[in-house]
Amino acid sequence: MAEFPAEAGPQQIVCPHCKKTFTAELIAGQTERHRGFKCPHCKLFVPAARARNS
Ligand SMILES: [Zn+2]
């Protein structure tokens with residue numbers, strides 16, 4: 001079970017900030033902590049490590 005498929009395309013994310021669900025592509029950051037998604041609801045950054053769709 002890979003933590004984050006590198007070529008996953010759009011993924012369904014549950015924002016840890018506002019708890020809403022959205023679909024976004026992974027933003028490739030220069031470092032692991034800059035990798036993640038931007039929530040369209042609250043505009044906050046969601047680190048990939050915290051974006052769980054289960
Ligand atoms: Zn949010």
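Is Cys-18 buried or partly exposed? Cys-18 counts as partly exposed, at 25% relative accessibility. The views below are taken from a predicted model.

**View 1. Overall fold of the predicted model.**
The protein has four strands and zero helices. Along the sequence the order is β-β-β-β. Strand S1 covers 11-14 and strand S2 covers 21-24. Strand S3 spans 36-38, and strand S4 spans 45-47. Of the 54 residues, 22% are buried. The protein exposes about 4,100 Å², and carbon and sulfur atoms supply 51% of that area. Contacts between residues at least 6 apart in sequence include a share of 27% that join residues at least 24 apart.

**View 2. Confidence of the prediction.**
Mean pLDDT for the protein is 84. A pLDDT of 70 or more is reached by 80% of its residues. Confidence is highest in S2, at a mean of 94, and lowest in S1, at 91. Where pLDDT is low, predicted coordinates should not be read in detail.

**View 3. The zinc site.**
Four cysteines hold the zinc ion through their SG atoms: Cys-15, Cys-18, Cys-39 and Cys-42. Angles among the four donor atoms run from 104 to 120°, and the site is tetrahedral. Along the chain the donors follow the spacing C-x2-C-x20-C-x2-C. What is the relative accessibility of Cys-15? The value is 1%, so Cys-15 counts as buried. Cys-18, at 25%, counts as partly exposed.

Pro-40 sits in the loop between S3 and S4. Its relative accessible area is 44%, which makes Pro-40 partly exposed. Pro-40 and Cys-15 are 25 residues apart in sequence. In space, their C-alpha atoms are 9.4 Å apart.

**View 4. Ile-13 and its contacts.**
Ile-13 belongs to strand S1. At 1% relative accessibility, Ile-13 is buried. Which residues does Ile-13 touch, leaving aside neighbours within four places in sequence? The contacts are Lys-20, Thr-21, Phe-22, Phe-37, Val-46 and Ala-51. Glu-25 lies twelve residues from Ile-13 along the chain, and their C-alpha atoms are separated by 9.5 Å.

**View 5. The salt bridge between Glu-32 and Arg-35.**
The structure holds one salt bridge. Glu-32 and Arg-35 form it, with their closest N and O atoms 3.8 Å apart. Why does this pair count? The cut-off is 4 Å between a side-chain nitrogen of Lys or Arg and a carboxyl oxygen of Asp or Glu, and the closest N and O atoms here are 3.8 Å apart. Side chains of opposite charge can pair when their charged atoms come close. Glu-32 is exposed, with a relative accessible area of 54%. Arg-35 is partly exposed, at 29%.

**View 6. Surroundings of Arg-35.**
Arg-35 lies in the loop between S2 and S3. Leaving aside neighbours within four places in sequence, Arg-35 contacts Leu-26, Ile-27, Ala-28, Gly-29, Phe-45, Val-46, Pro-47 and Ala-48. Pro-47 is twelve residues from Arg-35 along the chain. The C-alpha atoms of Arg-35 and Pro-47 are separated by 6.0 Å. Val-46 is also listed among the contacts of Ile-13.

**View 7. Positive phi at Lys-19.**
Most residues other than glycine have a negative phi. Lys-19 is not a glycine, yet has a positive phi of about 70°. Where does Lys-19 lie? Lys-19 is in the loop between strand S1 and strand S2. Lys-19 is exposed, with a relative accessible area of 60%.

**View 8. Positive phi at Lys-43.**
Lys-43 has a positive phi of about 65°, although this residue is not a glycine. Lys-43 is found in the loop between strand S3 and strand S4. Pro-40 also lies in the loop between S3 and S4. With a relative accessible area of 57%, Lys-43 is exposed.

Key:
Residues numbered from 1 in each chain as written. Heavy atoms only, no water. Buried < 20%, exposed > 50% of the residue type's maximum accessible area, 1.4 Å probe, protein only. Helix = DSSP H or I, 4+ residues; strand = E, 2+ residues; numbered from the N terminus. pLDDT = per-residue confidence, 0-100. Contact = heavy atoms within 4.5 Å. Areas by Shrake-Rupley, 256 points an atom, 1.4 Å probe, with all protein chains shown as cover. Donors = N, O, S within 2.8 Å, 3.2 Å for Na, K, Ca; no water. Tetrahedral: all angles 85-135°; square planar, octahedral: opposite > 155°, others 65-115°.
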